[in-house]
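Open the model in your viewer and keep the selection tool ready. The stops below go from the whole chain down to single side chains.

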Amino acid sequence: MVSPRLHPRTIDAVKERADIVDVVGEHVVLKKKGREFVGVCPFHDDTKPSMTVSPAKQFYYCFSCGAGGNSIKFLMEFQRQSFSDVVLDLARRYQLPVETVEGPQQERLRQQLSRRESLQKALSLAAGWFRSQLLSDGGRDALRYLTEERGFSPSTHEAFGLGYAPDQWDGLLNHLTRVEGLKVELLEAAGLVVPRKGGSGFYDRFRHRVIVPIHDRQGRVIGFGGRSLDGSEPKYLNSPETEIFEKGKHLFGLDKASNAIRKDDRAVVVEGYFDVIALHAAGVTNAVASLGTALSSQQITQLSRCTDRKRIVLNFDADGAGIRAANRAIGEVEQLALQGQLELRVLHLPSGKDPDEFLRDHGSGEYQSLLDQAPLWLDWQIDQVLADRDLSQSDQFQQAVSSLVALLGKLPQSAVRTHYLQRVAERLSGGQGRLALQLEEDLRQQVKGQRWHGRSSRHEQPGEATQRERCEADLLRLYLHCPRHRPAIRQELRQRDLEDFALQHHRLLWVSITELEETNLGSGRLEAVSRGDDPGHELGDLDLPSLLTDQLLLENSPLFSRLTPLLEPGELQRVALSDPLVQLRGTAALLERQKSLKRCRHLLEAWSGQRLETLERCIARLIEQEQQDPSSSNDAERRIDQLFDELNHDALNYQELYYSERKHIAFLDQQRCGGFPASA
């Protein structure tokens, strides 16, 4: 289809109306910095906020990749759309008149816009009808529910446009078709009516329910939520997704809360409509709710646009579903929170109450106090890991440590990570100072391994994870069932830096093996064996498969089930153990090769992010120096080379490291093949 030729008046109107901060902020979390905003550029692989958005100039620019332009250019690049399509989308969004050069095209565009306007008109008329039904004699039960059970005042009913859908099959249908003259196909498209089974007519979607209108940010009705009054299921019923209502893109109450969010510089996200209404009625007007779905990154981006410091508090229910919802929301914005671009906190109210119930019992003052004390998301997740665990039980202690290492491994090396390592160690130690210091160091070492595995997973190729799991399993099987070679296996793992197994169940097995051996030999001797300073013949005397089977069956039966193929190998797996040292050398070299390949990809990515200074730039810099100090003009060639090296130090360093890593991979390939027959 040929794009319509837009009239210049339409283009100018869109440029004037489409604010650059709003447009970019729909897709990038922006943080205010002085008179401008900064964010992570979406046009290249980056983790730092290198994009600047200027409201005064209505312009964006990335200092890393050079992308820049106005709001239309941004959407053209981001959405891969043509100029005309972007302008048309923006015109629809801001309800601007569309003028084209050709009359027929203009008419078709007007019809498309008219369709959306018709849907919004139908929803607006439905909202008015629901409202009138609440105030009629037939709405007495619904009004009593809102006033007496929920405690909402008439002014709150009015502010949120609350209504009632009577217990009739076609009350709304008859009103909108006969009185308002709307077509039933339009009502179906708006999600107001449902076709009967068999295709003989339609009936109202909402019946005998309190109705809560859902508005977009411009205050237009886009859907409804209905709460059952007679116990029928579902208890809460929402409008289906339509041409103008996408649940993952909207937040209930944002049209009323946006100004309060800006004023308080903080948004509160709750689970239900009535929680939002109760909070607003109590004066906490910066509250919004997701629409029956997990909080999405788009919804969080919308909230971030309303708060300069990007502060969001999740106040979900304290039951299992609420905890899972909070963890899903955290997962959506975890990287932004770790980079300091978002301040995310989690509030769980005492006794597992939801905000509506808590406000009725305690009032807004106490709620506001708890809101101000809400812990950061990482503190909350640490509390969840340790909640209801008996740390005196070894299995529960180990499970807690594994979960905490996974959490802390997300933190970059900084004072923040040190702070959390100390806090977690203190909690695990139960206040025992000497034990806390030892635990802190143990946690630090485990986190170090966890961070490398987590960081390098981004550079894995398809199939490498499966290959790594198979190789780790082969090494552990060798260690368990070839006892005479255990010292050699330990020395090989130490020399190749492979003692931190990547998969959690393999790490747990290695920890259990090490604990059993330390009990028999002592930690000092086991360390000496790993370094090659002790022959460690006694390691072969331990029947590790039997000892581990007894221990795991008693302490961690799920882990035992997963490790059974290692503890009890099959016939084919035992055949593979016939030449242990050859298999050890080949498997260990393959694992080390994987790590080297990931480092190579990481180095290539880091190198590609460098901007090389050209020889011309170096010469220009040298001439500037000579003009300031004429005596420095001797040996120009040497000084040019030196300046080139200085200006491109990081990029050249990445090249050298990559070259060394590739040479090491070639050496590992020789090791892998050297001990195998030529036919292998």
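**Whole chain**

In the protein chain, 66% of the contacts (heavy atoms within 4.5 Å) with a separation of 6 or more join residues 24 or more positions apart. This is a predicted model: local features need pLDDT of at least 70, side-chain atom pairs count only at pLDDT 80 or more, and totals for chains, interfaces and linings use all residues. Residues are numbered from 1 along each chain as its sequence is written, and side-chain values use heavy atoms, leaving out hydrogens and water.

Colour by secondary structure. The protein chain has 30 helices and 15 strands; these are DSSP runs, H or I of at least four residues for helices and E of at least two for strands, numbered from the N terminus. The accessible surface comes to about 34300 Å² (Shrake-Rupley, 1.4 Å probe). Carbon and sulfur atoms hold 48% of that surface.

**Aromatic pairs**

Select Phe, Tyr and Trp. Rings pair if their centres lie within 6.5 Å, with the six-membered ring used for Trp. The count comes to 19 aromatic pairs. Zoom to Phe-152 and Phe-274. This pair is stacked (planes under 30 degrees apart), at 6.0 Å centre to centre and 25° between the planes. Phe-152 lies in the loop between helix 6 (140-149) and helix 7 (154-160), and Phe-274 in helix 11 (residues 273-281), so the pair ties together parts 122 residues apart in sequence. Both Phe-152 and Phe-274 are buried.

Next, select Phe-43, Phe-59, Tyr-60, Phe-74 and Phe-78. They form one aromatic cluster.

Go to His-175 in helix 8 (residues 171-179). Is His-175 buried or exposed? His-175 has a relative accessible area of 19%, so it counts as buried. Leaving out residues up to four places away in sequence, His-175 touches Trp-129 and Glu-180.

Then show helix 21 (residues 486-495). Its buried residues are Arg-486, Pro-487, Ile-489, Arg-490, Glu-492 and Leu-493. Just after helix 21, Asp-497 takes a positive phi of about 60°.

**A cavity**

The whole structure has 2 cavities of 30 Å³ or more. A cavity is a set of points, on a 1 Å grid over the protein atoms alone, where a 1.4 Å probe fits but cannot get out. Select its lining (an atom within 4 Å of a point): His-215, Asp-216, Arg-217, His-250, Leu-251, Leu-254, Asp-255 and Gln-302.

Conventions. On a 1 Å grid over the protein atoms alone, a cavity is a set of points where a 1.4 Å probe fits but cannot get out, and a pocket is an open set with protein on both sides within 12 Å along at least five of seven lines; lining residues have an atom within 4 Å of a point. Grid points are joined across faces, edges and corners, and a volume is the space filled by probe spheres set on the points. Buried means under 20% relative accessible area, exposed over 50%, partly exposed in between (1.4 Å probe, protein chains only). Rings of Phe, Tyr and Trp (its six-membered ring) pair if their centres lie within 6.5 Å; planes under 30 degrees apart count as stacked, over 60 as edge-to-face and the rest as tilted.
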